[in-house]
Amino acid sequence: MKNIKLLDCTLRDGGYINDWKFGHDNIVSIFERVVDAGIDIIEIGFLDERRPFDVERSIMPNTDSAEKIYGKLKRQNTMVVGMIDYGTCDISNIQPCRESFLDGIRVIFKKHLREQALAFCNQLKQLGYKVFAQLVSVTSYTDDEIADLIHLANEVRPYAVSMVDTYGLMHQDNLMHYVDLLNNGLDKSIGLGYHAHNNFQMGYANCIAMLSNPIDRLMIVDGSLYGMGKSAGNAPLELLAMHMNDRYNKTYRIGQLLEAMDANISEFYHPAEWGYNMFYYLAAANDCHPNYVAYLMDKRTLSVNSVNEILGRLQGEKQLLFDKDYIENLYLEYQNNEVNDTFDRERLRMQFKDKEILVIGPGASINRKKEEIARFVANRMPTVISINFIPNCVKPDFVFLSNSKRYVQLSSQLIQERRKIIATSNITAMGKEKFDYVLNYSALIDRTAEIVDNSLIMLLKVMLQIGRKDIYLAGCDGYSTSQPNYCNNNLEYDFIKNKASYLNKYTRRFLAENEKNLRVEFLTPSFYCGGCNE
């Protein structure tokens with residue numbers, strides 16, 4: 001039978017979902033069921049000196065903590081390992097293996113730290129541990145860097161070297177490329193491992209391909225119960241165990257894994273879901289750090305296609321090393337579609353000349369004050385401009401669009417109702433549609449602000465540009481930390497409550513600085529004028 005082993009990483013990688021707080025009873029139950037299922041290796045958590053000891057969590061400051069949590073449990077024939085993210089647990093926190101509950105330690109490290117990390121692996125080996133060198137984001141390694149890693153590993157001779165597909169980028173062709181490089185170069189005494197992530201739904205398939213490769217050395221594949229793990233999750237342990245039973249005459253007891261999934265894992269699936277989704281697909285499709293996707297999606301100003309196009313502009317080392325300033329500059333460059341808007345601004349100046357203007361925002365107050373707003377419109381007959389939405393209380397004469405995501409959501413209604421549109425130049429019209437007015441995005445944003453493209457401020461800047469001084473505002477409520485901020489829950493931004501005070505103060509400051517040229521009257525309560533309490 002081929003020398004292959006299955007490693008369970010539920011208590012370690014799964015901990016990213018719940019901050020490693022499985023609860024002591026769950027930790028014990030998962031350990032006992034995985035061991036009783038006959039899984040070859042179980043990873044019981046992180047060793048991280050930055051975290052205090054907590055019997056409820058599978059993240060520990062030192063090896064002595066592992067004894068406190070797991071010491072009374074029977075390991076049977078299962079190898080027990082922990083993991084260290086190189087640099088987060090000093091060697092002084094590691095007991096000699098003969099005094100420890102752990103048989104082995106896996107060390108994860110980024111490629112630029114490979115020399116120091118392998119030296120650390122050697123220290124652990126001298127303490128008697130089976131040591132695993134885990135190559136974080138193996139797809140970022142060039143062939144020359146792999147060759148250097150092989151040289152370092154052959155000097156240390158760890159128990160295994162594992163390929164970690166951190167961002168789930170691998171398909172079978174590039175997986176096998178790295179397998180061939182490592183297999184041909186590593187000393188035969190060193191095992192070869194693979195840790196998959198499921199961004200492309202390839203984790204299970206890649207593990208099968210890895211195991212089917214006819215190489216003459218120990219092979220190890222990682223899985224977790226129900227695929228529980230960071231980002232898109234891991235290859236499901238239960239599927240790998242089933243495949244290895246069928247194909248390689250293993251005798252893993254699947255029933256125990258199913259019991260653990262039902263009794264110990266399912267409670268964590270909601271609301272903190274893991275697994276394949278669009279978010280992680282975008283990251284994998286663009287070979288980039290998932291934080292880039294989160295940063296752009298959190299802006300809530302971009303269509304998903306626009307997010308994908310910006311991610312496609314990431315280059316080089318920056319792709320997998322998140323840099324907030326770098327992605328913000330790419331965002332601004334993408335949005336900055338320069339147009340000559342002189343003619344459209346003059347048309348707007350003439351359009352709004354001698355007319356009262358009512359700007360309607362999507363604040364929750366328009367639901368409470370809809371009758372007052374309707375009476376104002378009936379009595380004063382102002383030109384009504386709504387911001388990135390279409391209100392139900394009155395029919396707007398114009399819709400101001402500065403948010404691509406909102407435009408995508410509104411496009412059908414805009415076409416059907418034939419609303420006149422004032423769009424900023426970062427918005428791309430769909431199909432053959434043309435906007436009535438297009439204004440330069442770059443002239444309306446504030447690059448010094450935390451949120452550069454505040455839609456209300458942008459529209460007020462338009463009013464300043466065309467010389468309109470008297471503006472009525474409704475539904476421009478500002479932001480509360482405790483109450484709904486929008487007339488429709490689907491419009492809510494996840495990050496707003498953390499930025500509420502800043503956004504309110506920023507808008508009040510803008511209005512104060514421009515009060516000589518812009519006289520604003522609020523028809524509904526607003527944090528921007530002191531009509532509400534923050």
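**Entry 1: helix H8**

I started with helix H8, residues 203-212, and looked up its buried residues: Gly203, Asn206, Cys207, Ala209, Met210 and Leu211. Buried here means under 20% relative accessible area, exposed means over 50%, and partly exposed is in between (1.4 Å probe, protein chains only). Helices are DSSP runs of H or I with at least four residues, strands are runs of E with at least two, and both are numbered from the N terminus.

Next I asked myself: what covers the buried residues of H8? The cover includes strands S1 (4-8), S7 (160-164), S8 (191-195) and S9 (219-223). Helices H7 (172-185) and H9 (237-248) are also among the elements that cover them. For contact I used heavy atoms within 4.5 Å.

**Entry 2: ground rules**

This is a predicted model, where local features need pLDDT of at least 70 and side-chain atom pairs count only at pLDDT 80 or more, while totals for chains, interfaces and linings use all residues. Residues are numbered from 1 along each chain as its sequence is written, and side-chain values use heavy atoms, with hydrogens and water left out.

**Entry 3: the whole protein**

I stepped back and found 20 helices and 16 strands. The C-alpha atoms fill a box of roughly 85 × 45 × 45 Å along the principal axes. Of the 534 residues, 57% are buried. I also checked contacts between residues at least 6 apart in sequence, and 70% of these join residues at least 24 apart.

**Entry 4: salt bridges**

Side chains of opposite charge can pair when their charged atoms come close. How many salt bridges does the structure hold? I got 22, where a salt bridge is a side-chain nitrogen of Lys or Arg within 4 Å of a carboxyl oxygen of Asp or Glu.

I looked at Arg75 and Asp103, whose side chains meet in a salt bridge at 2.8 Å, N to O. Arg75 sits in the loop between helix H4 (63-70) and strand S4 (79-85), and Asp103 in the loop between S4 and strand S5 (104-109), so the pair ties together parts 28 residues apart in sequence. Arg75 is partly exposed at 21% relative accessibility, and Asp103 is partly exposed at 23%.

Then I turned to Asp187 and Arg157, with their closest N and O atoms 3.2 Å apart. Asp187 is in the loop between H7 and S8 and Arg157 in the loop between helix H6 (143-156) and S7, so this pair ties together parts 30 residues apart in sequence. Asp187 counts as partly exposed at 22%, and so does Arg157 at 42%.

My next pair was Asp470 and Arg519, a salt bridge at 2.8 Å, N to O. Asp470 is in strand S15 (residues 470-474) and Arg519 in strand S16 (residues 519-522), so the pair links distant parts of the chain, 49 residues apart. Asp470 is partly exposed at 36%, and Arg519 is partly exposed at 44%.

I also noted a network of salt bridges that links Arg12, Asp13, Glu43, Arg106 and Asp222.

**Entry 5: Asp477**

Where is Asp477 found? I located Asp477 in the loop between S15 and helix H20 (496-513). Asp477 is buried yet has no salt bridge, and the nearest side chain of opposite charge, Arg368, is 5.0 Å away. For charge, Lys and Arg count as positive and Asp and Glu as negative, with His and the chain ends not counted. Leaving out residues up to four places away in sequence, Asp477 touches several residues, including Gly363, Asn485, Thr524 and Tyr528.
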